[in-house]
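Have the sequence and the 3D view open as you read.

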Amino acid sequence: MQGEQLYRQKMLRLDADEGVRKTTDLSKNFRKISPYVAGEQPKFADQIKLNTNENPYPPSDKVTEFLENFNRDELKLYPDTNGGELTQAIADYYGVDASRVFVGVGSDDVLAMCFMAFFNSGREVLFPDITYSFYPVWANLFNVKYRTPALDENFKIVKEDYFCENGGIVFPNPNAPTGVEMPLADVEEIVSRNSGSVVIVDEAYVDFGAHSALELTNKYKNLVVVQTFSKSRSLAGLRVGFAVADNALIKQLRAVKDSYNSYTINRITAGAGAAAVKDDEYFKSTVERIVKTRENAKNTLWELGFTFPDSKSNFIFASHKSVSAKEIFEALREKHIFVRYFNLPRIDNYLRITVGTDREMKILFDFLAEYLKDKA
């Protein structure tokens with residue numbers, strides 16, 4: 001009898017626990033966000049991957065040499081909180097003091113730290129309506145008010161739209177996903193007219209033919225220039241990004257980082273990144289190959305009936321005269337050729353095509369020529 005009572009009590013407790021599990025709504029405590037959607041990472045043996053703006057060539061042999069000779073015993077020790085040899089290598093390469101360099105886990109990490117460090121006035125931060133889609137995600141995540149001035153009909157930033165009161169400015173140059181470059185004189189005018197707020201120029205693609213604003217950081221205390229090793233230095237898999245700015249801004253960035261995660265750059269990344277910076281000959285030769293392929297690709301795309309803004313990046317933002325971008329995207333995907341399609345206002349008839357190797361681009365163009373010949 002006693003055993004039966006104990007069993008019933010146990011079952012009642014289980015039923016009660018199950019009821020709690022069924023009725024408790026934990027989601028009411030969740031942060032309501034719409035996350036950034038990265039490009040697809042397919043895994044087909046025969047794929048042509050032109051959808052995430054990676055470099056089609058491997059890193060420098062100096063990176064390989066570093067990795068092969070890395071002493072694993074170092075991994076038992078914490079890394080330098082400020083990036084150590086990587087920070088110094090970047091500083092030496094660009095001719096600035098190491099106190100003016102901040103490194104992070106890819107430029108995304110650096111940009112997120114910038115949002116946290118500099119956009120806290122309560123006023124609206126400005127960035128273009130067509131731009132890197134992570135900006136509104138960070139703004140919403142960190143409760144930053146923002147406004148998005150529209151690009152003009154040629155996908156160019158209208159500089160005058162940024163001559164107003166604001167809580168900060170951020171834009172890529174060249175812009176993404178369009179590839180359009182803003183002249184350095186216009187960048188400087190935006191910076192000079194906004195001395196009361198921080199202006200961040202995101203130069204993820206600057207090495208492919210655009211003019212960097214790095215030199216302006218010597219003149220303006222409100223300018224932050226952010227770059228990445230993911231594109232021109234072939235280190236997307238290691239995640240290396242950096243910012244160059246006035247000492248006071250870098251000091252604030254480091255304070256934010258150390259309040260969040262002091263050890264962002266591990267020892268392998270720091271050493272491999274430094275090795276990549278020191279192989280300037282390989283860096284420049286790789287960039288030159290990509291630019292040459294890009295310019296040839298523009299001619300071929302034009303012959304196939306595509307139009308596009310003049311790209312200064314490692315991708316081309318193209319629209320066909322008679323076939324929708326979505327249709328072409330899906331046809332390419334069926335053949336394991338991956339490009340990027342954005343189903344968004346104003347750009348839903350464009351494809352962003354990363355510049356691959358000459359062989360990869362030929363496969364793309366051969367398919368397009370065959371597919372489009374009966375579509376005119």
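Helices and strands here are DSSP runs, numbered from the N terminus: a helix has at least four residues, a strand at least two. By that count, Pro174 is found in the loop between strand E5 (169-172) and helix H6 (184-192). The model is predicted.

**Backbone geometry**

- Most residues other than glycine have a negative phi, and most peptide bonds are trans.
- The bond joining Asn173 and Pro174 is a cis peptide bond, with omega about 0 degrees.
- Ala176 to Pro177 is also a cis peptide bond; its omega is near 10 degrees.
- Pro177, like Pro174, belongs to the loop between E5 and H6.
- Asn143 is not a glycine, yet its phi is positive, at about 55 degrees.
- Look for Asn143 in the loop between H5 and strand E4 (146-147).

**The open sheet**

- Strands of a sheet pair through backbone hydrogen bonds, either parallel or antiparallel.
- Here 4 strands make an open sheet, in the order E9-E10-E13-E12, with antiparallel pairing.
- Strand E9 (306-307) and strand E12 (340-341) are the edge strands. Each has a single partner strand, so one side of each has no neighbour in the sheet.
- E12 and strand E13 (residues 351-354) run antiparallel and are joined by 2 bridges.
- Within this part of the sheet, Tyr341 is opposite Leu351 in E13.
- Helix H11 (residues 358-372) lies across E9, strand E10 (315-320) and E13. The helix runs at about 145 degrees to E13.

**Helix H9 against helix H11**

- H11 also pairs with H9: their axes come within 11 Å and cross at roughly 5 degrees.
- Angles under 35 degrees count as roughly parallel. H9 and H11 are therefore roughly parallel to each other.
- On the H9 side, the contact uses Thr293, Ala297, Thr300 and Leu301. Their counterparts in H11 are Asp358, Met361, Phe365 and Leu368.
- The residues of this contact comprise 5 nonpolar, 2 polar and 1 charged.

**Helix H4 against helix H7**

- How do the axes of H4 and H7 cross, and at what angle? Helix H4 (residues 106-118) and helix H7 (residues 247-260) have axes that come within 9 Å and cross at roughly 105 degrees.
- That angle makes H4 roughly perpendicular to H7.
- H4 brings Met113, Cys114, Met116, Ala117 and Phe118 to the contact. H7 meets them with Leu249, Gln252, Leu253, Val256, Lys257 and Tyr260.
- By class, the contact of H4 with H7 has 9 nonpolar residues, 1 polar and 1 charged.

**Pockets**

- Rolling a probe the size of a water molecule over the atoms shows where empty space is left.
- The largest pocket has a volume of about 1100 Å³.
- Its lining takes in 46 residues. Nearest the centre of the largest pocket are Tyr36, Val37, Tyr132, Ser133 and Arg340.
- H4, helix H5 (134-141) and E12 each give at least two residues to the lining of the largest pocket.
- That lining divides into 24 nonpolar, 13 polar and 9 charged residues.
- The second largest pocket has a volume of about 220 Å³.
- Of the 13 residues that line the second largest pocket, Asp109, Ala112, Met113, Met116 and Tyr260 lie nearest its centre.
- Met113, Met116 and Tyr260 are also among the residues where H4 meets H7.
- H4 and H5 each supply at least two residues of the lining of the second largest pocket.
- By class, the lining of the second largest pocket holds 10 nonpolar, 2 polar and 1 charged.

**The cavity**

- How many cavities of 30 Å³ or more does the structure hold? It holds 1.
- The volume of the largest cavity is about 50 Å³.
- Lining the largest cavity are Pro59, Ser60, Ser232, Arg233, Ala276, Asp279, Tyr282, Phe283 and Thr286.
- Which helix gives the most to the lining of the largest cavity? Helix H9 (residues 280-303) does, with 3 residues.
- The lining of the largest cavity has 4 nonpolar, 3 polar and 2 charged residues.

Key. Residues numbered from 1 in each chain as written. Predicted model: local features only at pLDDT ≥ 70, side-chain atom pairs only at ≥ 80, totals over all residues. Heavy atoms only, no water. Axes fitted to C-alpha atoms, helices over the stretch in contact; angles between N-to-C directions. Parallel < 35°, antiparallel > 145°, perpendicular 65-115°, else oblique. Contact = heavy atoms within 4.5 Å. Nonpolar A, V, L, I, M, F, W, Y, C, P; charged D, E, K, R; others polar. Pairing = 2+ DSSP bridges. 1 Å grid on protein atoms, 1.4 Å probe; cavity = no way out; pocket = protein on both sides within 12 Å on 5 of 7 lines; lining within 4 Å. Points joined across faces, edges and corners; volume = space filled by probe spheres on them.
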